[in-house]
There are 2 protein chains.
Amino acid sequence: MHLSRFFIGTLKEAPAEAELVSHRLMLRAGLIRRLGSGLYTWMPMGLRVLRKIEHIVREEMNRSGALEVLMPTVIPAELWQETGRWDKFGPQMLKIRDRHDRDFCYGPTHEEVISDIARREIRSYRQLPLNFYQIQTKFRDEIRPRFGVMRAREFVMKDAYSFHADLASLEKTYGVMVETYSRIFTRLGLRFRAVAADTGAIGGSGSHEFHVLADSGEDAIAFCPQSDYAANIELAEAVAPAATRADPGPLLEKVATPDTTRCAHVAQYLGVPLTQVMKSLLVLSSAGHPYLLLLRGDHELNEVKAGKLIEGLRLATDAEIQALVGPAKGYLGPVGLPAGHITVVADHTAAVMSDFVCGANAADQHWQHVHFGRDLPEPDQVADLRNVVAGDPSPDGRGTLEICRGIEVGHVFQLRTKYSEAMSLQYLDETGQSRPVEMGCYGIGVSRIVAAAIEQHHDERGICFPRAIAPFEVALVAIGLGKSPRVRETAEMLHETLAQAGIEVLFDDRDERLGVMLSDQELLGIPLRVVIGDRGLQEGMVELQGRRDPSGEKIPLAEVVMRLQEKLALA
Amino acid sequence: MHLSRFFIGTLKEAPAEAELVSHRLMLRAGLIRRLGSGLYTWMPMGLRVLRKIEHIVREEMNRSGALEVLMPTVIPAELWQETGRWDKFGPQMLKIRDRHDRDFCYGPTHEEVISDIARREIRSYRQLPLNFYQIQTKFRDEIRPRFGVMRAREFVMKDAYSFHADLASLEKTYGVMVETYSRIFTRLGLRFRAVAADTGAIGGSGSHEFHVLADSGEDAIAFCPQSDYAANIELAEAVAPAATRADPGPLLEKVATPDTTRCAHVAQYLGVPLTQVMKSLLVLSSAGHPYLLLLRGDHELNEVKAGKLIEGLRLATDAEIQALVGPAKGYLGPVGLPAGHITVVADHTAAVMSDFVCGANAADQHWQHVHFGRDLPEPDQVADLRNVVAGDPSPDGRGTLEICRGIEVGHVFQLRTKYSEAMSLQYLDETGQSRPVEMGCYGIGVSRIVAAAIEQHHDERGICFPRAIAPFEVALVAIGLGKSPRVRETAEMLHETLAQAGIEVLFDDRDERLGVMLSDQELLGIPLRVVIGDRGLQEGMVELQGRRDPSGEKIPLAEVVMRLQEKLALA
């Protein structure tokens, strides 16, 4: 491709609103342009990347036996009302009214639509299993869209839905999908991890997320280097400590701790380790019942875990603390609570603490040398309430956990019969009996992968795309082709030869300054570049350099194709 | 592809609501399923057809130098307000309000969006020309969606938009697009015609439609077999007759014509040729001014042509006829109209009529032997008001016109500066002066092509897809493969061999009755089929039959691949 016949929209500076590296680089490289909040146009350079990802996803889905379909984006409300999600999905669902005042939405996901299709088509166990997928534009009306295509409102998603006679068949296809996803992300050239995950709003049981690993990732992932264990920190189990509680220390003592509300400050002020301080959080259930949650000072509350114990969990307001416990804001503690009123739930680790410090439910006061059973009752309940931290034992008992950050790009669920029961999707089994269909669903955030890949693959000069998804494989840069007929002719010939060899080459024929051409190639993340100039050509040489290489090497013109093919095969 | 691993949704009967052949066949063949009014899911078999069309469109657009982009489907209202189309587009535009109560629409077309992108990117004449296209889901809220994907609300469209420094450059790209479209429809295997067209609501000047020829087509096309001339009948010029008006006949005479309001009945009743009867239509402009339009009795009003003379043209109501002319409904005529009030416009052919019959502006009465200039004034205006008919002279003077019917599948426009002026899309020319960008736009109804192709290619047994867009090229049908290991093994081997040879084969391994398998292949329109059975295999023979062939032929198993390749090359 001659650059003069293509469109390049590189910018020196990214707009100020772009916070994330990938967002800045995608705008600067001209891959996308913003149309409105959370709405982006894929420009020619960016669409090449998106299409390569789509192509790999499609090939691997087809290889897995899934069948591609294309459902409407505009979905009648009636289907969502059948499952109750018309009301429950929340304001992320973009609701639409047509000219006849009928209700629709712009599909944020398609469980209802595919279940409606399936219940019209599936009669017998003989038709099962089936796995339908589509690659389609979705819309979710994020309250605060940001980070470019990482969290856009309109985005491209691959969504697949499988249908089964029994759980064994669902589990088999689920396994095939996990393998398929691993092949997809491997082919895309991404470092990723499949992690056990919470099932969240989609529902069902059994779920894995696929994360592209990047320091900027929104999700924390706990994994065990000694085993296969990996889980979203939301879900990762904090194993109850094997150690039992130590013997009591000195007698209970109240100490003044003026203006010292945070655990770390308390520890410092009193000269004790942070692991000796008890963190106390007052929360309420949606029914209004109060709970005091206890955590070791260095641990953090895991709201997903706590939310499974306490329905509709939320932190108490200042006014609620005042009303329930008194003027204890910042100095909450489990000692001397109003009797029988507040349920005390301790994290496993907190429950075995001894000789600890906690708030005294009065301003500027803490208790020291506290001991369960002596100074206060045992907790009403002991549970896993905290996020795991690096160094915790792995739940599979095969090592210790580490923490990394990831960007969720795929999610697979065993939906079971949640949707088939709500929508009367049944089949006749071998005995002629009607049974609900078992379902799985499998998503990939296709457009988000572009941003995730850039978060993982960039440096200070721009993007460093993996070969499989780079907009072009090779940049051909010609120095002074307006002045030197030899440079122009050689470059044109080389461009033609490379194209014939099936190499995707972008020939920068703009006759720009060398610095401009090279920095564009670096910004765009094209994996390899060949620079042709008059001086080198006098010796029959051109310069070849990989995007990540510190410097280039001179190679004979005659060897360019072979060397590029070698490097692309390795990339 | 083994049919047992694919999804086939063939039906014996189509739902009653399907009127058009293509709609019935697409439902019966399981290509699509209805989700709601004007909303269809593309099932695996249908999506293969759609994707093949997309692929050919994309290849040819790329070959033409156009650059693919992908714009959002959800468009902020502000852009449409800039061009005034937010209000003017009408109820076909699906308007949406997001969670922040901001207005958007689901893009029915993308002139505004691409112009917004272009005005941010285009600075200099050096960047021009540019041609961007996308293949995308569009939505138009048709008041009465019908005919399946022929007139759906959600559909797939290829829309391209070109940008130019001057008209000459626009005309050049316009010509390239006309050639590109011709290549596309030729490759798709369709009989089509490019016709001059009205520019309609999109605006601008200069426009061609591409029609797939089919008797069921909604559009009538006038064409000249002796030349290249072809035009939508909306636009086709009715050449003014060379003949002048004949001398007056007998004197004016009023005749009673009870209950005889239609021209054909009047002619019959009075025993005169229909071409001697004047058709009179009372219409009003949007400003309320009345016009009497005169046409020869056998001619039909062309509302597009008349609408260009009379803004907001509409037929007068019964009450308006009564108020303006009197009790003349069904008996309107140009003789004795209230003076100076109603403007009389005669079609060219009507204006040279002599000795004619017309309504007498009174119930059950006509005038006979009417002559312009003697019995009534000459018409206020003479113009082209009528649809051309077969036998009219071609406007290019090179023969006579014929009429055929077509389905519009493509439309190209020279928009000129309509959008660039409304949206301040300018560039700097060689002298540094700011000028509005010239624009063209080029659409193809990608999903509609599937229906149009079927309208053109079907018979009483089902679809007869052209090879290029058939879901599979070859159906492999095995008789009794559940009983005969030889049939199963041979079929499996042949399936593998054909797939290796790059032939798209659907292997019907359902072990169904032969009649069921053959009728499915015929309904689906797979161009070729190979039938394998035990009896034939005893002689080393299989049966090969084209979808349109009256009967099959026996060929040696060893020659199947070669013979199929020959036939596919010819198809």
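**Chain contacts and a sheet**

Analyst: In this predicted model, 38 residues of chain A are in contact with 38 residues of chain B (C-beta atoms, placed from the backbone, within 7 Å). Local features need pLDDT of at least 70, side-chain atom pairs count only at pLDDT 80 or more, and totals for chains, interfaces and linings use all residues. Residues are numbered from 1 along each chain as its sequence is written, with chains lettered from A and ligands numbered from 1 in the order written.

User: Which element gives the most to the side of chain A that touches chain B?
Analyst: S2(A), with four residues. Helices (H or I, at least four residues) and strands (E, at least two) are DSSP runs, numbered from the N terminus.

User: Now the sheet in chain B. What is the strand order?
Analyst: The order is S28-S27-S29-S30-S31, an open sheet with mixed pairing; strands pair if DSSP finds at least two bridges between them.

User: Why is one side of S28 and of S31 left without a neighbour?
Analyst: Both strands of chain B stand at the edges, each with a single partner strand, so one side of each has no neighbour in the sheet.

User: How do S27 and S29 of chain B pair?
Analyst: In the parallel sense, over five bridges. B:Val477 has B:Val531 in S29(B) as its bridge partner.

User: Which strands does H14 of chain B lie across?
Analyst: S27, S28 and S29 of chain B, and H14 runs at about 175° to S27(B). Axes are lines fitted to C-alpha atoms, for helices over the stretch in contact, and angles run from 0 to 180 degrees between N-to-C directions.

How values were computed
Two residues are in contact if their C-beta atoms, placed from the backbone, lie within 7 Å.
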